[in-house]
Amino acid sequence: MPKMKSHSGAKKRYSVTASGKVKRGKQGHNHILTKKAQKRKVGLRETAYLDSEKQTRTIRVMIQK
């Protein structure tokens with residue numbers, strides 16, 4: 001049986017911190033930025049963390065064994 005491949009999209013979008021949390025970027029900061037307030041755009045620059053429910057599933061997809 002061939003090796004399992006990790007999900008390429010998940011590898012690019014998420015990273016696992018040293019404490020085991022899954023870090024992600026916020027959505028909505030790519031285009032149509034003219035109608036969004038400056039305060040909102042500054043907030044979208046920050047990173048966020050996944051919920052504990054979604055963390056295990058995401059890590060499993062990222063690191064296929």
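## Thr47 and strand 3

Setting aside neighbours within four places in sequence, Thr47 makes contact with Lys23, Arg24 and Lys26. This residue belongs to a predicted model, in which Thr47 is placed in strand 3, spanning residues 47-49.

## Overall architecture

The secondary structure of the chain consists of three helices and three strands, arranged along the sequence in the pattern α-β-β-α-β-α. The radius of gyration is 15 Å, well over the 11 Å given by the globule rule for 65 residues, and the chain is therefore more spread out than a compact globule. Taken along the principal axes, the box filled by the C-alpha atoms is roughly 50 × 25 × 20 Å.

Of the 65 residues in the chain, 17% count as buried. When contacts between residues at least 6 apart in sequence are considered, 58% of them join residues at least 24 apart.

Helix 3 covers residues 52-62, and its buried residues are Gln55, Thr58 and Met62. Viewed down the helix axis, these buried residues fall within an arc of 80°, so they line one face of helix 3. An α-helix has 3.6 residues a turn, so residues three or four places apart point the same way. On the other side of helix 3, the exposed residues are Glu53, Arg57 and Arg60. The packing partners of the buried residues of helix 3 are helix 1 (8-13), strand 1 (14-16) and strand 2 (22-25).

Thr58, a residue of helix 3, has a relative accessibility of 12% and therefore counts as buried. Beyond residues up to four places away in sequence, Thr58 touches Tyr14, Val22 and Leu50. Val61 also has its place in helix 3, but with 28% relative accessibility Val61 counts as partly exposed. Not counting residues up to four places away in sequence, Val61 touches Ser6, His7 and Ala10. As for distances across the chain, the C-alpha atoms of Val61 and Lys36 are separated by 33 Å, with the two residues 25 apart along the chain.

Ile32 lies in the loop between strand 2 and helix 2, the latter spanning residues 38-45. The phi of Ile32 is near 55°, a positive value in a residue other than glycine. Most residues other than glycine have a negative phi. With a relative accessibility of 46%, Ile32 counts as partly exposed.

## The largest pocket

The largest pocket holds about 180 Å³ of space, and its lining is made up of Arg13, Arg24, Gly25, Lys26, Gln27, Gly28, His29 and Asn30. By residue class, this lining divides into no nonpolar, five polar and three charged residues. Two of the lining residues, Arg24 and Lys26, are also among the residues in contact with Thr47.

Technical notes. Residues are numbered from 1 along each chain as its sequence is written. This is a predicted model: local features need pLDDT of at least 70, side-chain atom pairs count only at pLDDT 80 or more; totals for chains, interfaces and linings use all residues. Side-chain values use heavy atoms; hydrogens and water are left out. On a 1 Å grid over the protein atoms alone, a cavity is a set of points where a 1.4 Å probe fits but cannot get out, and a pocket is an open set with protein on both sides within 12 Å along at least five of seven lines; lining residues have an atom within 4 Å of a point. Grid points are joined across faces, edges and corners, and a volume is the space filled by probe spheres set on the points. Ala, Val, Leu, Ile, Met, Phe, Trp, Tyr, Cys and Pro count as nonpolar, Asp, Glu, Lys and Arg as charged, and the others, Gly among them, as polar. Buried means under 20% relative accessible area, exposed over 50%, partly exposed in between (1.4 Å probe, protein chains only). Helices (H or I, at least four residues) and strands (E, at least two) are DSSP runs, numbered from the N terminus. The arc is that of the directions from the helix axis to the C-beta atoms. Contact means heavy atoms within 4.5 Å. The radius of gyration is taken over C-alpha atoms; the globule rule is 2.2 Å times the number of residues to the power 0.38.
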